[in-house]
Amino acid sequence: MVKRVLTKTLKLFVGDDLSLGLPKLRKKRPLKKLSERELLALESEIGSELFGEVPKGHRREFFCLDEKTWMWHEEWIDAKHKLKTHTIKYEVTDRGILKTQPGPRYSYLEGDELRNFSIATQMYYEQVARQVYKRDPETGEKLV
């Protein structure tokens, strides 16, 4: 089961045809007026909303950095008016999805966390393909 979810997740990252993966689209520069950084910001804006409304005073980012790296970042001002941040990096490896947190703490995703990550990356890919790149997420063809 885990291997099947991982395989599906990997296909979401890079697709069966590597030219359809979001990092590849970003590098092909389909929106030539925007830099790679600006495209990443557009993707991250979509990713930030996948997990519900961002609490007032918070900033959230969730994005695919490259074919094997996903980032989650949140920041907010706490009750003592100090900036708080939390960043998680997810790396696709041969063994699974490695989650790296501050501390440092490392663990591989399992069970519900792996399923939720897989769902989130699929939603991200579909929405970014449609909204940013104007492509069908299944075929990579331009949307009319």
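**Stop 1: a loop residue**

Select His-81, which is exposed, with a relative accessible area of 69%. Exposed means over 50% relative accessible area, buried means under 20%, and partly exposed is in between, with a 1.4 Å probe and protein chains only. His-81 sits in the loop between S2 and S3. Its phi is near 65°, a positive value in a residue other than glycine.

The model is predicted: local features need pLDDT of at least 70, side-chain atom pairs count only at pLDDT 80 or more, and totals for chains, interfaces and linings use all residues. Residues are numbered from 1 along each chain as its sequence is written, and side-chain values use heavy atoms, with hydrogens and water left out.

**Stop 2: the whole chain**

Now show everything. The protein has four helices and five strands. Both kinds of element are DSSP runs numbered from the N terminus: helices are H or I with at least four residues, strands are E with at least two. From the N terminus on, the order is α-α-α-β-β-β-β-β-α. Of the 144 residues, 38% count as buried.

**Stop 3: the sheet**

Select the strands. In what order do the five strands of the open sheet lie? The order is S1-S2-S3-S4-S5, with antiparallel pairing. Two strands pair if DSSP finds at least two bridges between them. Strands of a sheet pair through backbone hydrogen bonds, either parallel or antiparallel.

Look next at the edges, where strand S1 (58-66) and strand S5 (105-108) stand. Each has a single partner strand, so one side of each is left without a neighbour in the sheet. Neighbouring strands of this sheet are turned by 15° against each other on average, direction ignored. For such angles, axes are lines fitted to C-alpha atoms, for helices over the stretch in contact, and angles run from 0 to 180 degrees between N-to-C directions.

Zoom in on S1 and strand S2 (residues 69-77). They pair in the antiparallel sense over eight bridges, and a hairpin of two residues joins S1 to S2. Pick out Cys-64: its bridge partner in S2 is Trp-70. Then pick Arg-59, which stands opposite Glu-75 in S2.

**Stop 4: the helix on the sheet**

Select helix H4 (residues 111-131), which packs on the sheet. H4 touches S1, S2, strand S3 (83-93) and strand S4 (96-101); contact means heavy atoms within 4.5 Å. The direction of H4 makes about 85° with that of S1.

**Stop 5: a pocket**

Select Phe-51, Phe-62, Trp-72, Tyr-90, Leu-109, Glu-113, Asn-116, Phe-117 and Ala-120, which line the second largest pocket. A pocket is an open set of points on a 1 Å grid over the protein atoms alone, where a 1.4 Å probe fits, with protein on both sides within 12 Å along at least five of seven lines; lining residues have an atom within 4 Å of a point.

About 150 Å³ of space lies in this pocket. Which element gives the most to the lining? H4 does, with four residues. The lining divides into seven nonpolar residues, one polar and one charged.

**Stop 6**

Select helix H3 (residues 36-48), where Ser-44 is found. Is Ser-44 buried or exposed? Ser-44 is buried, with a relative accessible area of 3%. Not counting residues up to four places away in sequence, Ser-44 touches Glu-61, Phe-62 and Phe-63. Ser-44 and Phe-63 are 19 residues apart in sequence and 4.9 Å apart in space, C-alpha to C-alpha.

Move on to Ser-48, also in helix H3. Ser-48 counts as buried at 7% relative accessibility. Leaving aside neighbours within four places in sequence, Ser-48 is in contact with Val-54, Arg-60, Glu-61 and Phe-62.

**Stop 7: two backbone details**

Select Gly-103 and Pro-104. The peptide bond from Gly-103 to Pro-104 is cis, with omega near -15°. Pro-104 has its place in the loop between S4 and S5.

Finish with Lys-134, in the segment after H4. Lys-134 has a positive phi of about 55° although it is not a glycine, and it is partly exposed, with a relative accessible area of 46%.

Notes:
Points joined across faces, edges and corners; volume = space filled by probe spheres on them. Nonpolar A, V, L, I, M, F, W, Y, C, P; charged D, E, K, R; others polar.
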